Amino acid sequence: MQVYNSALRRARYENSEKSRRAPLPILLWAVSVFTLISCFGGEGFLGFQAAGFGWVVPFVLALFVLISRMDNGVRFPFYIWLPWILLVMIHLSVADTPHALQRSVMMLSPIAVGMAVSKFSAGEGEIEAFVRLCRYTAAGLFAIVVMKTGIARTGTMPMATALAAEAITSLLFAVFFATRYALWGGKAIVWWAAMIMIPLLAVTRSAILVAGLSLPLTFAPLNIWKRALIISLMAIIGVSLFYSERIQRKMFYSGHGTFADISLDNPDFRMTGRNTILKVMKAKLSESPWFGHGANASEPLVRSITYGLTHPHDDWLRLMYDYGYVGTFVFAACMSAQILHAFKRARRSTGEIGVLFYVGAASFIPFVMLMFTDNIIMYAAYYGNFQFTILGMAYAAQGAEDDVKAVSPRRFA
């Protein structure tokens with residue numbers, strides 16, 4: 001037994017040392033670093049905002065990888081997204097609206113990143129290194145939010161913030177740590193708790209709800225009673241938060257209200273002008289419901305209404321306005337197929353590969369929910385690129401594992 005334990009410790013040490021030495025491709029570091037740069041914000045350089053570089057740099061690097069590594073096969077199932085890619089390109093080819101090219105590329109950027117990442121060699125060491133990178137990024141995100149909210153300086157939480165993008169980013173990592181806790185338990189629950197604190201610190205209503213559901217709705221195996229217990233606890237905490245001063249002031253102009261007062265027809269319900277935008281867009285949607293008004297056609301309309309905003313806080317409505325019912329159906333169908341594909345791979349995978357597949361599949365839950373209240377589909381720099389990086393790593397790792405299995409029988413023949 002002593003010899004066995006010694007050998008086990010030696011094997012764990014060797015695996016740990018191997019993972020520390022495993023170099024990660026520049027693209028993975030770029031996705032992480034520029035996600036944090038985007039969250040940090042600012043003008044960046046050359047007069048462009050940091051968030052712009054946040055998606056442009058990973059996208060350009062992804063194109064470089066795809067072109068320079070033509071001999072390496074793409075393991076990411078891009079064919080799932082091919083109908084959506086073609087539809088976006090067709091609309092772009094006939095578009096005459098401002099920024100149509102930029103907005104179209106932003107929507108396709110995550111797919112390109114996922115394809116590029118899936119070309120890399122991802123063995124055990126690389127996967128362990130990538131998991132550490134995810135932890136570093138999550139820790140960096142938490143530090144940025146603490147700094148920008150001023151909590152470390154004042155010791156109090158702000159009544160309002162402009163950290164919606166940071167809150168949305170935290171949802172991806174909440175899914176990541178929720179999956180790890182469901183499968184393996186341990187300290188992952190602490191990381192998960194830190195991530196769901198970010199929307200609360202940022203006072204983002206929808207993100208708070210979605211964050212709390214990230215653990216009980218995880219795709220990873222989790223006891224039904226444990227899910228029920230967590231949902232019950234989240235419901236109790238949620239009610240307490242709803243009646244807190246910060247949330248009440250965020251929800252109602254008067255600063256107080258009940259759940260029954262949450263209604264678009266209630267003038268006291270704080271919508272910050274969103275209701276007007278949605279009503280105008282829904283009215284004009286009927287002019288071209290099936291095929292939409294064209295790529296990024298919603299932006300000039302929203303600008304004409306608000307004289308400042310560029311998108312409605314409803315990505316589903318935005319898709320319908322730009323691409324019609326047909327385009328929205330294509331997008332939803334591609335997304336559903338991706339979820340199912342990743343989930344099936346997760347069920348027959350083990351270890352960290354299974355974790356990444358479960359995370360990749362479950363990450364679409366907050367994506368779908370936030371599309372009703374925000375523009376997460378446009379947050380390639382915050383959510384999409386990292387989301388598809390996780391998927392790309394899962395497919396790369398499983399592909400490398402399959403290659404080893406294919407070679408092994410011949411080796412001993």
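Me: Which residues in α4 meet which residues in α5?
Reply: This is a predicted model, where local features need pLDDT of at least 70, side-chain atom pairs count only at pLDDT 80 or more, and totals for chains, interfaces and linings use all residues. Residues are numbered from 1 along each chain as its sequence is written, and side-chain values use heavy atoms, with hydrogens and water left out. Now the helices. From α4 come W84, I85, V88, M89 and L92. They meet A100, L101, S104, M107, L108 and I111 in α5. Contact means heavy atoms within 4.5 Å.

Me: What classes of residue make up the contact of α4 with α5?
Reply: The contact has 10 nonpolar residues, 1 polar and no charged ones. Ala, Val, Leu, Ile, Met, Phe, Trp, Tyr, Cys and Pro count as nonpolar; Asp, Glu, Lys and Arg count as charged; the others, Gly among them, are polar.

Me: At what angle do the axes of α4 and α5 cross?
Reply: At roughly 170 degrees, and the axes come within 10 Å. That makes α4 roughly antiparallel to α5. (Angles under 35 degrees count as roughly parallel, over 145 as roughly antiparallel, 65 to 115 as roughly perpendicular and the rest as oblique.) Helix α4 spans residues 82-93, and α5 spans residues 100-117. The axes are lines fitted to C-alpha atoms, for helices over the stretch in contact, and angles run from 0 to 180 degrees between N-to-C directions.

Me: Zooming out, how many helices and strands are there?
Reply: The protein has 18 helices and 0 strands. Both are DSSP runs, numbered from the N terminus: helices are H or I with at least four residues, strands are E with at least two.

Me: And what share of the residues is buried?
Reply: 50% of the 413 residues. Buried means under 20% relative accessible area, exposed over 50%, partly exposed in between, with a 1.4 Å probe and protein chains only.

Me: Which residues of α14 are buried?
Reply: S298, E299, L301 and V302 are buried in α14, which runs over residues 298-306. They sit on the same side of α14, because they cover an arc of only 165 degrees around the axis. The arc is that of the directions from the helix axis to the C-beta atoms.

Me: What covers them?
Reply: The cover includes α5, α13 (274-285) and α15.

Me: What does phi do just after α14?
Reply: Y307 takes a positive phi there, about 55 degrees. Most residues other than glycine have a negative phi.

Me: Where else is phi positive in a residue other than glycine?
Reply: V203 is one, with phi near 55 degrees. N296 is another, near 60 degrees. V203 lies in the loop between α9 (188-202) and α10. N296 is in the loop between α13 and α14.

Me: Are V203 and N296 buried or exposed?
Reply: V203 is buried, at 0% relative accessible area. N296 counts as buried too, at 1%.

Me: New topic. Is L209 buried or exposed?
Reply: L209 counts as exposed, because its relative accessibility is 53%. L209 belongs to α10, residues 205-213. Its C-alpha atom is separated by 9.5 Å from that of A235, 26 residues apart along the chain.

Me: Last one. What is H341 in contact with?
Reply: Leaving aside neighbours within four places in sequence, H341 is in contact with P77, Y79, I80 and Y395. H341 lies in α15, residues 315-347. At 18% relative accessible area, H341 is buried.
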